[in-house]
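Let's take a walk through a protein chain together. Keep the picture open while you read and look up each residue as it comes along.

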Amino acid sequence: MIKIDTRQLSEEFLQCHTQMNTYPFTNNRIFEYEKKSGKNFFEMSDKDFVEFFFDEVKINSVATLDCYRTIYSGFYRWCIEKYYTGNRNIFEESVYLDPDTLAAYMAKKCSIYYYNEEDVEFLCQKAGECSVLSEAIIRCFYEGVSSYDELIHLQKEQIDATNHRIRLADRSIAISARLSFLLEKLILGEVKMEAGRNGYRLQRFAEGDVLLFRIARDTDVNRKQFLKRRLERVSECADVKVTAKLLYQSGLLQALRKACGNEDERLIEVLYGNKNKKTNFVLDNMLKENGYTIRSSRVRYMFKPYILQLLVSQGFPLS
């Protein structure tokens, strides 16, 4: 029997594991759920934890799900070793709490959506003020620029508008004719240098820069914040979430879809088939051919909930 309650146990556990993420305990959600359900943490079943994850915490990313599962499993193991004998770790032995099964529940419970090309066209139509610049930012991320760091100092010499390519530090990515056109307009100075509400005007801080910025002082942080505000403005106008990460992941997924002939079965096979293998030469080649240097293992992890959502829609069993 437990001689002290879950909160006291968790505090002792966290003191012994100072490098661990404390949020799954310090946000107090698990203690509130104990009161609501009338069950102690160690009395909760796998179905109780499924309800806790998706109805109470409302987990909507595989990374957050893995974080909770890993920390609670470690806590369970620590308690068994320190206070119990013969008790099983529900997170290691239960089918419902298997990582893939949990991700399948997440796919069923949460809205997991990535933009397709029609969605990107819609976002670009909602780009608002200085639409050329805003649309170029949207399309750069969607077509393979992976971060603000790659974009904020994009140089004219990196743009090959004739062959529709952007040459980045570690790769060359193919871009659409539309993005080539937009970048060329920026390079040729065919974008209005308007004044801002605070008196700042769109300007090119370095002669070789492709993008224009409206900021008081030229720093990397200010450049990033300016681009983020552009995407936030599009989010407001389109009434949808728009982030650099989501645009990049959406573009990557659409590139893989095309490489799979737009067939769901083939996409599932590439991203989820032979999931226990450490190497995936087919996916590696697809990524390389599309100018992505991201590891195939990372890509499979990134899209696991989405693929499981497809499987759920096709009758994939949850237990």
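Predicted model: local features only at pLDDT ≥ 70, side-chain atom pairs only at ≥ 80, totals over all residues.

Let's start with Arg-171, which counts as buried because its relative accessibility is 12%, and buried means under 20%. Its side chain meets the side chain of Asp-170 in a salt bridge, with N and O 2.8 Å apart. Asp-170 is partly exposed, at 47% relative accessible area.

**The whole chain**

Now step back for the overall view. The chain has 319 residues, and 48% of them are buried. Its C-alpha atoms fill a box of roughly 75 × 45 × 30 Å, taken along the principal axes. Count the elements and you get 17 helices and three strands.

Strand β2 covers residues 165-167, and three bridges join β2 to β3.

**Salt bridges**

Why might charged side chains end up side by side? Side chains of opposite charge can pair when their charged atoms come close. In this chain, the count of salt bridges comes to 18. Here are three of them, with the N to O distance for each.

| Lys-36 | Glu-56 | 2.5 Å |

Take the pair Lys-36 and Glu-56, whose closest N and O atoms are 2.5 Å apart. This pair links distant parts of the chain: Lys-36 sits in helix α3 (residues 29-37) and Glu-56 in helix α4 (residues 46-56), 20 residues apart. Is Lys-36 buried or exposed? Lys-36 counts as exposed, because its relative accessibility is 57% and exposed means over 50%. Glu-56 is partly exposed, with 27% relative accessible area.

Lys-224 is partly exposed, at 24% relative accessible area.

**A patch of positive charge**

Which residues gather in a patch of positive charge on the surface? They are Lys-241, Lys-245, Arg-295 and Arg-298. Of these, Arg-298 lies in helix α16 (residues 296-302), and it counts as partly exposed at 32% relative accessibility.

**Stops in the loops**

Some residues in the loops deserve a visit too. Asn-28 lies in the loop between α2 (23-26) and α3. Phi of Asn-28 is near 70°, a positive value in a residue other than glycine. Asn-28 is partly exposed, with 28% relative accessible area.

Asp-239 has a positive phi as well, near 60°, and it is not a glycine either. You'll find Asp-239 in the loop between α12 and α13 (244-259). With a relative accessible area of 69%, Asp-239 is exposed.

Next, look at Leu-188, in the loop between α11 (177-187) and α12. Leu-188 counts as exposed, at 56% relative accessibility. Where does Leu-188 stand relative to Ile-159? Their C-alpha atoms are separated by 12 Å, and the two residues are 29 residues apart along the chain.

Our last stop is Cys-130, in the loop between α8 (117-125) and α9 (131-142). Cys-130 counts as buried, with 17% relative accessibility. Cys-130 and Asn-21 are 109 residues apart along the chain, and their C-alpha atoms are separated by 42 Å.

Conventions:
Residues numbered from 1 in each chain as written. Heavy atoms only, no water. Pairing = 2+ DSSP bridges. Helix = DSSP H or I, 4+ residues; strand = E, 2+ residues; numbered from the N terminus. Patch = residues over 30% accessible without salt bridge, like charges linked within 9 Å, V, L, I, M, F, W, Y side chains within 5 Å. Areas by Shrake-Rupley, 256 points an atom, 1.4 Å probe, with all protein chains shown as cover. Salt bridge = Lys/Arg side-chain N within 4 Å of Asp/Glu carboxyl O. Lys, Arg positive; Asp, Glu negative; His and termini not counted. Charge placed at Lys NZ, Arg CZ, Asp CG, Glu CD. Buried < 20%, exposed > 50% of the residue type's maximum accessible area, 1.4 Å probe, protein only.
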